[in-house]
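User: I would like to learn how to read a two-chain model. Please take it feature by feature.

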Amino acid sequence: MEAKLKYYLQIADNALILSHRLSEYCSKGPFLEEDLANTNVALDLIGLAESMYIEVARQENEGRTGDDIVYRRKETDFLNVILVEMPNDDFAHIMVRQFFTDVFHQQFFSELRNSKDEFLMGIAHKSIKEVLYHLKRSSEWMFRLGKGTVEAQEKAQVAINKYWKYTHEFFLENDTDSEMLKAGIGVDLSLIKKNWLAKVEEIFTMSNLTIPTNDFTIEGGKQGYHSENLGYILTEMQFLPSKYPDAIW
Amino acid sequence: MENKDTQGELWEVFIQSKAGQSFKHAGSIHAYDREMAIDNARDTYTRRGEGTGLWVVKSKEIVAVSPSEEGYFFDPSNDKVYRHPTFYEMPEGLKNM
């Protein structure tokens, strides 16, 4: 597969897997409005992912559909970062995972608006509006949890400490990223990292939350090496097409 | 066991569908603070391009006429037909009246 399409998949797989995790939480929110809000984010992300898979299928021109790419691809061919696979342990974990991803998406799509690739440029312009809202919401939750009760602050900090080691992977520049950056299609991840850190610091400082000093890193998702979670996600997601390959909508 | 409501306070939501038009009551939502109220109102009522403006206000801050007062409060206007501008013809091209 050519590098550009892999680049598309890196973006789309992050959105798809996070969306799936959020959809698992549908009907389990703390109350109706929060449940709706969460599911709306899931819908935005699946919308982004779908348009990208369809475009990958169109450009590769090998007879695959967007659905084929999602439902008939094996685990090691998924290129999402490991963070988005993390399970919905509790509300604090869900919001911290969301906040880290939202800040990344905000920085990433802002830069991607300058892409030389017309499709990516369009996607970036469309997505940034949705992402700015996602970030507004998850930032407010960081503040609410961090400045809330002692228990709320603790739960948020526990989730931050647990997920910090997975955040570095957002900025890990692999061969695909380097090639796309050189071609003027992709973004400069070192710049994104700097801006991401600044934004996270800003929100955490005002929210009584702390960035862990531990630099230990877990990565591999962007190369197809995932945590055990992705296997379970795909088993559920791909169950129907695996069992009934001829099933249609 | 205590049945505690954990949804936060009730807020009323008003949406303006076009710039310049008046805000209309859309419904109510639960939220714990002002920002959450605006977010929840957006997620509940304006996901399909319904609005260009959004107000939320705590339900308890709204002053309302109590049902027992309705009679003497509203009825006296019923027989005063001259209070209605029904004898005027609407100018052509007037859209929002």
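User: What percentage of the contacts in chain A with a separation of 6 or more is accounted for by residues 24 or more positions apart?

Analyst: Start with the ground rules. This is a predicted model, where local features need pLDDT of at least 70, side-chain atom pairs count only at pLDDT 80 or more, and totals for chains, interfaces and linings use all residues. Residues are numbered from 1 along each chain as its sequence is written, chains are lettered from A and ligands numbered from 1 in the order in which they are written, and side-chain values use heavy atoms, with hydrogens and water left out. Contact means heavy atoms within 4.5 Å. In chain A, residues 24 or more positions apart make up 81% of the contacts with a separation of 6 or more. For chain B the value is 45%.

User: How many helices and strands are there in chain A?

Analyst: Helices (H or I, at least four residues) and strands (E, at least two) are DSSP runs, numbered from the N terminus. Chain A has 10 helices and zero strands. Its radius of gyration is 18 Å, close to the 18 Å of the globule rule for 249 residues, so chain A is as compact as a globular protein of that length. That radius is taken over C-alpha atoms, and the rule is 2.2 Å times the number of residues to the power 0.38.

User: And which order do the elements of chain B follow?

Analyst: From the N terminus, chain B reads β-β-α-β-α. The radius of gyration of chain B is 19 Å, well over the 13 Å that the rule gives for 97 residues, so chain B is more spread out than a compact globule. Its C-alpha atoms fill a box of roughly 60 × 40 × 15 Å along the principal axes.

User: Which residues have the most contacts inside the largest nonpolar core?

Analyst: A nonpolar core is a set of buried Ala, Val, Leu, Ile, Met, Phe, Trp, Tyr and Cys residues joined through side-chain atoms within 4.5 Å. The largest one has 85 residues. Those with the most contacts inside it are F99(A), F100(A), F109(A), L112(A), V200(A) and F204(A). Take L112(A): beyond its neighbours within four places in sequence, its contacts include Y7(A), I11(A), M121(A) and I185(A).

User: Is N40(B) buried or exposed?

Analyst: N40(B) has 1% relative accessibility, so it counts as buried. The residue sits in helix α1 (residues 34-45) of chain B. Leaving aside neighbours within four places in sequence, N40(B) is in contact with F31(A), E33(A) and E34(A), among others, and also with I29(B), H30(B) and A31(B).

User: Where is L191(A)?

Analyst: L191(A) belongs to helix α8 (residues 189-206) of chain A. It is partly exposed, at 29% relative accessible area.

User: What is the phi of S27(A)?

Analyst: Phi of S27(A) is near 80°, a positive value in a residue other than glycine. S27(A) lies in the loop between α1 (3-24) and α2 (32-60) of chain A. With a relative accessible area of 59%, S27(A) is exposed. N61(A) also has a positive phi, about 55°, and is not a glycine. N61(A) is in the loop between α2 and α3 (66-71) of chain A. At 64% relative accessible area, N61(A) is exposed.

Terms used:
Buried means under 20% relative accessible area, exposed over 50%, partly exposed in between (1.4 Å probe, protein chains only).
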